[in-house]
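The following report describes a protein model from its overall fold down to individual side-chain pairs. It is meant to be read alongside the sequence and coordinates.

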Amino acid sequence: PVVEAAGWSLTANTVVKRPELLDLPALLDVIEADMADAPERKQWEMNSTLAQIGITTESLRERAIAIGERLGVLRDYPTPPNCTSPFAPSWIAEMVRRNA
């Protein structure tokens, strides 16, 4: 699980820096199928990848948000005031708002 989490962390980084190297729709397929039942650390990094796809790729944003809503991963994560929630739909919306 630690190595898988590291792989997903690198994938999230690649989404931001070199998305052309990745098949983003296929990544969303894997996230949608596997994230809900993944071990906690791997789940966190898959969620980060989901959020980065939604933040950086406008054409996939609606799908990324829908996956996050449907899976509900980190929906109830305690988030201090004035911080961005790690719940992917909230995270995506806030970062898109900030970058507008």
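## Buried polar residues, core and salt bridges

Glutamine 52 has a relative accessible area of 17% and is therefore buried, the cut-off being under 20%. The model is a predicted one, and every value below is computed from it.

### Overall fold

The protein has 5 helices and 0 strands, so that from the N terminus on its elements run α-α-α-α-α. With 100 residues, a compact globule would have a radius of gyration near 13 Å, and the protein agrees with this because its own value is 13 Å. The C-alpha atoms fill a box of roughly 30 × 30 × 20 Å along the principal axes. Of the 100 residues, 39% count as buried, while the protein exposes about 5900 Å², of which carbon and sulfur atoms supply 54%. Among contacts with a separation of 6 or more, 61% are accounted for by residues 24 or more positions apart.

In soluble globular proteins, nonpolar side chains tend to be buried together. Here the largest nonpolar core has 21 residues, and Leu28, Ile31, Leu50 and Ile53 are the ones that touch the most other members. Helix 1 (2-17), helix 2 (24-34), helix 3, helix 4 and helix 5 each supply at least two residues of this core, and helix 3 gives the most, with 5 residues. Isoleucine 31 touches Trp8, Met46, Thr49, Leu50, Ile67 and Leu71, when residues up to four places away in sequence are not counted.

Leaving aside residues up to four places away in sequence, glutamine 52 touches Ala12, Val15, Val16, Thr57 and Trp91.

Serine 85 is found in the loop between helix 4 (58-71) and helix 5 (88-99), and with a relative accessible area of 16% serine 85 is likewise buried. A polar atom of the side chain of serine 85 lies 3.0 Å from the backbone nitrogen of phenylalanine 87.

Aspartate 76 and phenylalanine 87 are 11 residues apart in sequence, and their C-alpha atoms are 7.8 Å apart in space.

### Salt bridges

Side chains of opposite charge can pair when their charged atoms come close. The structure holds 9 salt bridges, and the table lists some of them.

| Pair | N to O distance |
|---|---|
| Lysine 42 and glutamate 4 | 3.5 Å |
| Arginine 70 and glutamate 32 | 2.2 Å |
| Glutamate 94 and arginine 98 | 2.8 Å |

The salt bridge of lysine 42 with glutamate 4, with its closest N and O atoms 3.5 Å apart, links distant parts of the chain, since lysine 42 lies in helix 3 and glutamate 4 in helix 1, 38 residues apart. Is lysine 42 buried or exposed? Lysine 42 is buried, with a relative accessible area of 13%, whereas glutamate 4 counts as partly exposed at 41% relative accessibility.

The side chains of arginine 70 and glutamate 32 meet at 2.2 Å, N to O, and this pair too links distant parts of the chain, with arginine 70 in helix 4 and glutamate 32 in helix 2, 38 residues apart. At 53% relative accessibility arginine 70 counts as exposed, while glutamate 32 counts as partly exposed at 28%. Both residues belong to a network of salt bridges in which Asp29, Glu32, Arg63 and Arg70 are linked.

The salt bridge between glutamate 94 and arginine 98 lies within one helix: because these residues are 4 residues apart in helix 5, they are separated by about one helical turn. Arginine 98 counts as partly exposed, at 47% relative accessibility.

How values were computed:
Residues numbered from 1 in each chain as written. Predicted model: local features only at pLDDT ≥ 70, side-chain atom pairs only at ≥ 80, totals over all residues. Heavy atoms only, no water. Buried < 20%, exposed > 50% of the residue type's maximum accessible area, 1.4 Å probe, protein only. Polar contact = N/O pair within 3.5 Å; in protein donor to acceptor, adjacent residues only side chain to side chain. Contact = heavy atoms within 4.5 Å. Core = buried A, V, L, I, M, F, W, Y, C linked by side-chain atoms within 4.5 Å. Salt bridge = Lys/Arg side-chain N within 4 Å of Asp/Glu carboxyl O. Rg over C-alpha atoms; globule rule 2.2 N^0.38 Å. Areas by Shrake-Rupley, 256 points an atom, 1.4 Å probe, with all protein chains shown as cover.
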